[in-house]
Amino acid sequence: MRISVVGCGYLGAVHAACMAKLGHDVIGIDVDERKVQALAAAAAPFFEPGLEELLREVQATGRLSFTSDISAASTSDVHFVCVGTPQKKGENAADMKYVDEAVNALLPYLREGAVVVGKSTVPVGTAARLSVLVERQEPAAHLMWNPEFLREGHAVSDTLSPDRFVYGVENGSEEHAAVRVLDEVYALPLEAGTPRLVTDLPTAELVKTAANSFLATKISFINAMAELCDAAGADVTVLADAIGLDDRIGRKFLNAGIGFGGGCLPKDIRAFMARAGELGADQALTFLREVDAINMRRRTRVVELTRELCGGSLLGQRITVLGAAFKPESDDVRDSPALSIAAQLQLQGAVVTVTDPEALQNAARRFPELHYEESTELALQRADALLLLTEWQEYRELDPYEAANIVSATRILDGRNILDATKWRAAGWTYRGLGRP
Ligand code: UGA
């Protein structure tokens, strides 16, 4: 099929490459000329395992190209809208400017029977509003909503073999013409058995925000348990293992630590609350305010624990922060808890050095006042305390004996509860976890 992908950020660049991998002819369109040029040269503008290899592979087939000219969409049958919906400045609501612009820009180029497929995470009601614009077009076109559930760091495999497809169409009917079109796009993963649910438009939009809210709630739940474990002298990691064995609960997403960040969960739960308010259903989501508050409290807690670890004062203490990305296998620092903690510590008088295998450039752009060091070994030198804040494999594998010979003082705060506390203590370290005795 001939496919256009509008917006080549995280979602769009991966989606475009994966659609070409599935055998389609794909044109990726973005207003950012630099991004277009990078992608056209098979260079991913962000770190995502496997993406550059995939870009090279599919570009060699001639099935994938990139442009900043929206009129290139005129030969496509299917148009995926993959632009961002960031949080508005000073408000909880999502900024719909890019989605609205993308759909409006596509309108003059829609062919008879074309399908506009929204993938961006949007406030419920957006699809119905946009479908009016698309459906009243001459020649007739359709709009559907097909939310994306990919995780950064696993974006390629999540796109090629997702857990499920959700197709939102206007009447929620399997017989809708757009359903057949999207079935053709996803023919390979559908044949491989990926479940697909056809819903009405608002349900499809809500599935996405509900899923992210559930994940955020799970993380904040276990972080709340970590607060209790701290107060009671219990161990949240064992607690998570024990409750996780109940398969109604499950162990995944029960890792207590410094909390969730990134470009999705924090802004999505806030936008969800804002939208519920507009719909007069704000009470239904007041619990998300608490989820957000528990999450933000983690950052303050880590700053306080670091102060304790340093003997009561942060002034002049050399703190090394291991990890800047919001999670491993990503160079994304949007709302990264690690970086926000690093910045807080510096504000409170510590001398902070941040290291990360992939995210330093992005981190330096966001917080130029922090000191960055590429080499882990150099970052460790003369440290008065180490803070492990993003659980990259390299940091999981740190040798406590070797590290002890490099630092000034053997103190470590394990913000992700992934180190073996017994081993680190045996090597002479003062070890602190979060919610661990
Ligand atoms: C999240 C969802 O997991 C995806 O399903 C969704 O498609 C995506 O948002 C999106 O809306 O685009 P992502 O932001 O890539 O994906 O990251 P996650 O793997 O969900 O991690 C989010 C944050 O939670 C990270 O900061 C991570 O460190 C933290 N986390 C995760 C925990 O603190 N504890 C856990 O047990 C799991």
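In this predicted model, the side chain of Arg416 places an N or O atom 2.9 Å from an oxygen atom of the ligand. The protein covers 90% of the 720 Å² of accessible area that the ligand has on its own. Domain 1 (2-199) and domain 2 (220-437) both contribute residues to the shell around the ligand, so the ligand lies between these two domains.

**Polar contacts and the ligand shell**

- Besides the side chain of Arg416, which comes within 2.9 Å of a ligand oxygen atom, the backbone takes part as well: an N or O atom of the Glu152 backbone lies 2.7 Å from an oxygen atom of the ligand, and a backbone N or O atom of Asn255 lies 2.9 Å from an oxygen atom of the ligand.
- The ligand is surrounded by 21 residues, of which Leu150, Glu152, Lys208, Asn212 and Phe326 are the closest.
- Sorted by class, this shell holds ten nonpolar, seven charged and four polar residues.
- Two elements, α9 (201-232) and α11 (265-278), are those that give two or more residues to the shell, and α9 provides the largest share, with four residues.

**Helix α1**

- Helix α1 covers residues 10-21, and its twelve residues should span 16 Å at 1.5 Å a residue, which agrees with the 17 Å that separates its end C-alpha atoms.
- Because eleven of its twelve residues are buried, α1 is largely enclosed by the rest of the structure; a residue counts as buried when its relative accessible area is under 20%.
- Gly23 follows α1, and the phi angle of Gly23 is positive, near 105°.

**Trp429**

- Trp429 sits in the loop that runs between α18 (421-426) and β14 (430-432).
- Although Trp429 belongs to a loop, this residue is buried, because its relative accessible area is 4%, which falls under the 20% limit for a buried residue.

Technical notes. Residues numbered from 1 in each chain as written. Predicted model: local features only at pLDDT ≥ 70, side-chain atom pairs only at ≥ 80, totals over all residues. Heavy atoms only, no water. Near = heavy atom within 4 Å. Polar contact = N/O pair within 3.5 Å; in protein donor to acceptor, adjacent residues only side chain to side chain. Areas by Shrake-Rupley, 256 points an atom, 1.4 Å probe, with all protein chains shown as cover. Nonpolar A, V, L, I, M, F, W, Y, C, P; charged D, E, K, R; others polar. Domains from an automatic or database assignment. Expected span 1.5 Å × (residues − 1). Buried < 20%, exposed > 50% of the residue type's maximum accessible area, 1.4 Å probe, protein only.
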